[in-house]
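Subject: Handing over the structure

Dear colleague,

I am passing on the structure below, and after it I set out what was found in it, element by element. Please read the notes with the model open beside you.

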Amino acid sequence: MRYNKIRKMDISNGPGIRVSIFMQGCAFNCKNCFNPETHDFNGGEEFTDKTIERIISLCANENVVGLSILGGEPMHPKNIDGTMRLAKAFKEKYPDKTVWAWTGYLFDEYLSDKEVCGYLDVVVDGQYVEELHNPSLKWKGSSNQRVIDVQKSLEEGKVVLLVEQ
């Protein structure tokens, strides 16, 4: 597994100041994807335990409210184990900070039964669709995508959209 980049202080991918990691590799190749440099599974850098340690360390900053995991495609079968290990390590260290993840896979069709969901607070799901692009949408690029409260969805057995406080 590989990753493309880490942002130490990201204010555009989730609420508040966050640490973001962009996983490397995506098979969707959505038209006009905002991050096409992450599509090649062989690009970027190797994702290791040291990568996880670095992210955990960056998140110690009291101004950081959470971790955002994007791509590429963090939930692709080649990436999901590393994504889960990162999210688990993060939640064990910072149970009061949030983990957001973006995926082209649909939560209820692919993701809801995966172990990684036990460590995610919010998932933005669905592939980006250029024809449904709307720059006024919060946390997503196209209107078909959903911002999902993962833990409530798991509790209720159905997709529950995030209601912002």
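A polar contact here is a pair of N or O atoms within 3.5 Å; within protein, one of the two must be able to donate a hydrogen and the other to accept it, and residues adjacent in sequence count only if both atoms are side-chain atoms. Please bear in mind that this is a predicted model, in which local features need pLDDT of at least 70 and side-chain atom pairs count only at pLDDT 80 or more, while totals for chains, interfaces and linings use all residues. Residues are numbered from 1 along each chain as its sequence is written, and side-chain values use heavy atoms, with hydrogens and water left out.

Ser-142 lies in the loop between E6 and E7, where helices (H or I, at least four residues) and strands (E, at least two) are DSSP runs numbered from the N terminus. Its relative accessible area is 0%, and Ser-142 is therefore buried; buried means under 20% relative accessible area, exposed means over 50%, and partly exposed lies in between, with a 1.4 Å probe and protein chains only. Not counting residues up to four places away in sequence, Ser-142 touches Gln-127, Tyr-128, Val-129, Leu-132, His-133 and Leu-137, contact meaning heavy atoms within 4.5 Å.

Trp-139 is also placed in the loop between strand E6 (122–125) and strand E7 (146–149). Trp-139 has a positive phi of about 70° although it is not a glycine, and with a relative accessible area of 17% it counts as buried. Asn-32, in the loop between E2 and strand E3 (45–46), likewise has a positive phi, of about 60°, without being a glycine; Asn-32, however, is exposed, with a relative accessible area of 52%. For context, most residues other than glycine have a negative phi, and most peptide bonds are trans. The peptide bond from Gly-71 to Gly-72 is cis, with omega near 10°, and Gly-72 sits in the loop between strand E4 (64–70) and helix H2 (80–93).

Glu-73 is found in that loop between E4 and H2 as well, and it is buried, with a relative accessible area of 2%. A polar atom of the Glu-73 side chain lies 2.7 Å from the backbone nitrogen of Gly-104. Leaving out residues up to four places away in sequence, Glu-73 touches a set of residues that includes Met-23, Cys-26, Phe-28, Trp-102 and Gly-104. The C-alpha atoms of Glu-73 and Phe-22 are separated by 8.3 Å, although the two residues are 51 residues apart along the chain.

Ser-20 belongs to strand E2 (residues 17–24) and is buried, with a relative accessible area of 0%. The Ser-20 side chain makes a polar contact of 2.7 Å with the side chain of Asp-10. Among the residues that Ser-20 touches, not counting those up to four places away in sequence, are Lys-5, Arg-7, Asp-10, Ser-68 and Leu-70.

Turning to the cysteines, the structure holds zero disulfides, a disulfide being a pair of cysteine sulfur atoms within 2.5 Å. Cys-59 is in no disulfide either, as the nearest cysteine sulfur, that of Cys-117, is 19 Å away. Cys-33 is partly exposed, with a relative accessible area of 22%, whereas Cys-59, at 0% relative accessibility, counts as buried.

Lastly, the largest pocket has a volume of about 630 Å³. Of the 31 residues that line this pocket, the closest to its centre are Phe-34, Trp-102, Tyr-128, Gly-141 and Gln-145. On a 1 Å grid over the protein atoms alone, where a cavity is a set of points that a 1.4 Å probe fits but cannot get out of, a pocket is an open set with protein on both sides within 12 Å along at least five of seven lines, and lining residues have an atom within 4 Å of a point. Grid points are joined across faces, edges and corners, and the volume is the space filled by probe spheres set on the points. By class, the lining has twelve nonpolar, 16 polar and three charged residues, with Ala, Val, Leu, Ile, Met, Phe, Trp, Tyr, Cys and Pro counted as nonpolar, Asp, Glu, Lys and Arg as charged, and the others, Gly among them, as polar.

With best wishes
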